[in-house]
Amino acid sequence: MTELNKNIQTLREKKAVVEKGGGEAAIEKQVAMGKLTARERILALLDANSFHEYDMFVKHDGRDFGMDKKDFPGDGVVTGTGAIFGAPICIYAQDFTVAGGSLGLQHARKITKIMDHALKMKCPIIGINDSGGARIQEGVQALAGYGEIFYRNTIASGVIPQISLILGPCAGGAVYSPALTDFVFVVENISKMFITGPNVIKTVLGEDISMEDLGGARIHAEVTGNAHFYARSEQECFDQIKRLVSFIPWNNTERRKSLQPQEPSTSLNIENVVPQDPRQPYDVRDVIRCIVDASDFLEVQELWAANIVVGFGRMNGQTTGFVANQPMVLAGVLDCDSSDKAARFIRFCDSFNIPIITLEDMPGYLPGVDQEHAGVIRHGAKVLYAYSEATVPKITVILRKAYGGGYIAMNSRHLGADFMFAWPSAEIAVMGPEGAANIIFRKEIMEAEDEDAMRQEKVKEYIETFANPFVAASKGFIDSVIEPKETRALLLHALELSALKEEFRPAKKHGLPPF
Amino acid sequence: MDTQNNPYVDFVVTARKYKTRLTNKYINRPVWNKRPDGEVVSALPGTIVRIAVSKGQPVEEGEQLMILEAMKMQNRILAPVSGTVSEIYVKEGDKISKNHPVLQIDPK
């Protein structure tokens, strides 16, 4: 054997040791928990043969509690670069089979190195979280490691897309890296995310709760809003990520490569989707399906705050963000959660140069003490802020109701909408006709012999005066009242016209959104 | 658990009734009730380690009523008003959550 071949042989042997991670017993345990290993996950997610691993031979520098005698292959995290549908991606995956995926300083430094690389090369970063938490034997070094990750998450925010997968435990301080990223993916029975776990809660409060009920996938997808995508298996989760990556640009200076334009493929007729009676529900996603290319709509945060719908579609092959009130859930009101959801999505689109189409049909804000006390003022203000701040093309179509503060909030002309369209069924008013008639005609109604009959008459009078788009159109607040079947063509026209849109804001360090 | 399976109900927003589905989070929201005057609640989750007053005892505003151990700190619970202790809802050793009623004072 030549000297060169011997060296190559040594390299292969060294790599093979690292690639075994925590060894067969630990891998068996990982499989028994229904989980793939870190390397299997990366390979399942990336294009075939695209992954190249970095920092395989990094060693931890723990010295106390006998750590100096322990060797952790790869220090419990796999990092590298690859591609999804040809788009360059930086990726890291914590390896639970190695010391429980615990994070020490060198483990963190591998992660921050690949994050720095992603930011420099301006490509998306994907992080797969599966870790028991801080490597306690390393003390403050582990905390330093987390801090350095959070700092980079923040600095990279709005420059490159950041995607987090929770494929195992992610507890305590560790949760803040995913929380700072743009999209968080969770998987049923596998994801566990919380600040304080069930044991601490039981000791302090005596409350007995399972990990799944406290911080399982479903809770974060439906109740807390911490997660954006919910899957029933790791494979489904990877498919969701690939779909998302197909819609978003590589960084904030690019547009997503445009696909071949396609006509909507749904058999629905846009003229029949929305009931004439403004009190009747329908699924606003059906309107979106009638508008977007191939009727292909990727909904974000589908389960949380379902009274608003946000997500991506394509218009003539170009990625477009959609924000739509959902009359089918809570009548499509704005509340704390739906405001947070919409505002964050709008800001993502604005950061990454994705035009926003708003479909409006909303009766106002959710009434209730719990909402007021939870700060619906502060949360609702985020929507106003996000729309006003955004400089990407902003187009609104009022489908039916646009009442009160909600009319202003949902990308009205007054917040800088570039195009305002309304269907003939649009009603733009300060509030619903019943509420308005009760106030304007209070005296007449009270003095009438038959109060109810008078109320009905006055409601009718109000509807005839205001429950239409023409008053707003007469002031120029609406550019054009359109037939439903013209919607797609006009939206395409508007998007084409605004392709080179430039809008400037006064120089500032940063604004102060009502977080 | 799916909101999608909830039935359509009447839901009122500014005097108008809409047919719509409620979310589980909305259905399970905390319902607000006005708390009685003189009711003392815990400001933190923790353990009652000492009760310094007894039922029927007159107390002055600012007087120490209990000690609640929370986050490894012993926190004094003080009388918000002067009056008479009419009810004590906890005993020493009880683990309680935040906003848990611990004691009722009938204000003077």
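A:Ile125 sits opposite A:Gln162 of strand S5 in chain A, and that pairing is a handy place to start looking around this predicted model.

**Around strand S5 of chain A**

A:Ile125 belongs to strand S4 (residues 125-129) of chain A, which is joined to S5(A) by five bridges, with the two strands running parallel. How do you get from one strand to the other? S4(A), helix H5 (residues 140-156) of chain A and S5(A) form a β-α-β unit, and that unit is right-handed.

S5(A) also pairs with strand S7 (residues 183-187) of chain A, again in parallel, through four bridges. One spot to look for here is A:Ile166, whose bridge partner in S7(A) is A:Val186.

Is S5(A) buried or exposed? Five of the five residues of this strand, 162-166, are buried, so the rest of the structure largely encloses it. That goes for both faces: A:Gln162, A:Ser164 and A:Ile166 are buried on one side, and A:Ile163 and A:Leu165 on the other.

Here are the strand pairings picked out in this report, including one from chain B:

| Strands | Direction | Bridges |
|---|---|---|
| S4(A) and S5(A) | parallel | five |
| S5(A) and S7(A) | parallel | four |
| S6(B) and S7(B) | antiparallel | six |

**Helix H19 of chain A**

Further along chain A you'll find helix H19, residues 451-466. Its 16 residues reach 22 Å from first C-alpha to last, close to the 22 Å expected at 1.5 Å a residue. Which of its residues are buried? They are A:Lys458, A:Val459 and A:Tyr462. Looking down the helix axis, these fall within an arc of 105°, so they line one face of H19(A).

**Over to chain B**

Chain B has an open sheet of four strands in the order S7-S6-S4-S9, with antiparallel pairing. S7 (73-78) and S9 of chain B are at the edges with a single partner strand each, so one side of each has no neighbour in the sheet. Strand S6 (residues 64-70) of chain B is the one that pairs with S7(B) over six bridges, and B:Gln64 has B:Leu78 as its bridge partner in S7(B).

**How confident is the predictor?**

Chain B has a mean pLDDT of 91, with 98% of its residues at 70 or more. Within chain B, confidence is lowest in strand S9 (residues 95-96), with a mean of 90, and highest in strand S5 (residues 58-59), at 96. For the complex, the predictor gives an ipTM of 0.85 and a pTM of 0.93.

Notes: Residues numbered from 1 in each chain as written. Chains lettered and ligands numbered in written order. Predicted model: local features only at pLDDT ≥ 70, side-chain atom pairs only at ≥ 80, totals over all residues. Expected span 1.5 Å × (residues − 1). Buried ≥ 20, exposed ≤ 12 C-beta atoms within 10 Å, placed from the backbone. Arc of directions from axis to C-beta. pLDDT = per-residue confidence, 0-100. Pairing = 2+ DSSP bridges. Right-handed = clockwise from strand over helix to strand, strands pointing away.
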